[in-house]
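Open the structure in your viewer and get ready to select residues by number. We will go one stop at a time.

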Amino acid sequence: GGAGTLKASVRFRPIADISASLQDSRMKPDTFLENGAHILAEKLEALGYEFSMTQPEMKGSGGPFAWAAFRRDDREIQLWARYDRLGSVRYRLGADEFTHQEYMRAMGQEKAARWPGFDDGDPLGGFRRLLSDLSHCDEFLTGDAAAVVEKVRALPPEKTGFQALGS
């Protein structure tokens, strides 16, 4: 046969086997969060934040996940990972919580925000992008965090679907 034909003896592995072997090669989410925390600690530990695992690795329907946080008094930056991907970043002040995307919108930084960004091949790139975004977060980190909560509460609903196309 020509270069473009397969020989009958070639056997493909079932997708489930390939997927399982890829998952096995991924970093555990709690290890991933601990490794990424070293990047964020450059800024946050100097401001008095302490890192801790909030929820060690658990199995979910989409695979293993874990939660961690940097805390200082009643302020918290929550980090959620599934496998080796930083899937969620949330901020909490007392009982109030909001997402990183909401925070960036409230500060007028949604276009400048680097997290979540695109996979650049750097396994910890999400943490580096988040560290860059934290340069816009001094009001929450060390200033009047309650004012940030009020700005987030005052956000108009985000346009989605066809509404977003008109803006």
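What follows is a short walk through a predicted model, from the sheet to the helices and then into the core.

**Stop 1: the sheet.** Show the strands as a cartoon. Five of them form an open sheet, in the order E1-E2-E3-E4-E5, with antiparallel pairing. Strands of a sheet pair through backbone hydrogen bonds, either parallel or antiparallel. Which strands stand at the edges? They are E1 and E5 (96–99); each has a single partner strand, so one side of each is left without a neighbour in the sheet. Now look along the sheet. Neighbouring strands are turned by 20 degrees against each other on average, direction ignored.

**Stop 2: the E1–E2 hairpin.** Select residues 50–60, which are E1, and 63–72, which are E2. The two strands form a hairpin with two residues between them. Their antiparallel pairing runs over eight bridges. Pick out methionine 58: phenylalanine 65 in E2 stands opposite.

Stay on these strands and select phenylalanine 51 and phenylalanine 70. Their rings make a tilted aromatic pair, 5.2 Å centre to centre, with 55 degrees between the planes. Phenylalanine 51 is in E1 and phenylalanine 70 in E2, 19 residues apart, so the pair links distant parts of the chain. Phenylalanine 70 has 0% relative accessibility and counts as buried.

**Stop 3: the E4–E5 side.** Move to E4 (85–93). E4 pairs with E5 in the antiparallel sense over four bridges. Tyrosine 91 has phenylalanine 98 in E5 as its bridge partner. Both residues also belong to a cluster: ring pairs link Tyr91, Phe98, Tyr103 and Phe140.

Next, select serine 88, also in E4. Serine 88 counts as buried because its relative accessibility is 19% and the cut-off for buried is under 20%. Leaving aside neighbours within four places in sequence, serine 88 is in contact with Gln78, Leu79, Trp80 and Trp115.

Stop 4: Select H4 (125–133). H4 lies across E3 and E4 and runs at about 35 degrees to E4. Which of its residues are buried? They are Gly125, Gly126, Phe127, Arg129, Leu130 and Asp133. These buried residues pack against H2, E3, E4 and H3.

Then select H6 (145–153). H6 packs on the sheet and touches E3, E4 and E5. The direction of H6 makes about 60 degrees with that of E5.

**Stop 5: the core.** Nonpolar side chains tend to be buried together in soluble globular proteins. Here the largest nonpolar core has 34 residues. Show Phe70, Ile77, Leu79, Leu86, Tyr91, Phe127 and Phe140: these touch the most other members. Elements that give two or more residues to this core include E2, E3, E4, H4 and H6. The largest share, seven residues, comes from H2, which spans 29–44.

Finish on leucine 86. What does leucine 86 touch, not counting residues up to four places away in sequence? The contacts are Phe32, Leu33, Leu79, Trp80, Trp115, Gly126, Phe127 and Leu130.

Note on methods. Residues numbered from 1 in each chain as written. Predicted model: local features only at pLDDT ≥ 70, side-chain atom pairs only at ≥ 80, totals over all residues. Heavy atoms only, no water. Core = buried A, V, L, I, M, F, W, Y, C linked by side-chain atoms within 4.5 Å. Buried < 20%, exposed > 50% of the residue type's maximum accessible area, 1.4 Å probe, protein only. Contact = heavy atoms within 4.5 Å. Phe/Tyr/Trp six-rings, centres within 6.5 Å; stacked < 30°, edge-to-face > 60°. Pairing = 2+ DSSP bridges. Axes fitted to C-alpha atoms, helices over the stretch in contact; angles between N-to-C directions.
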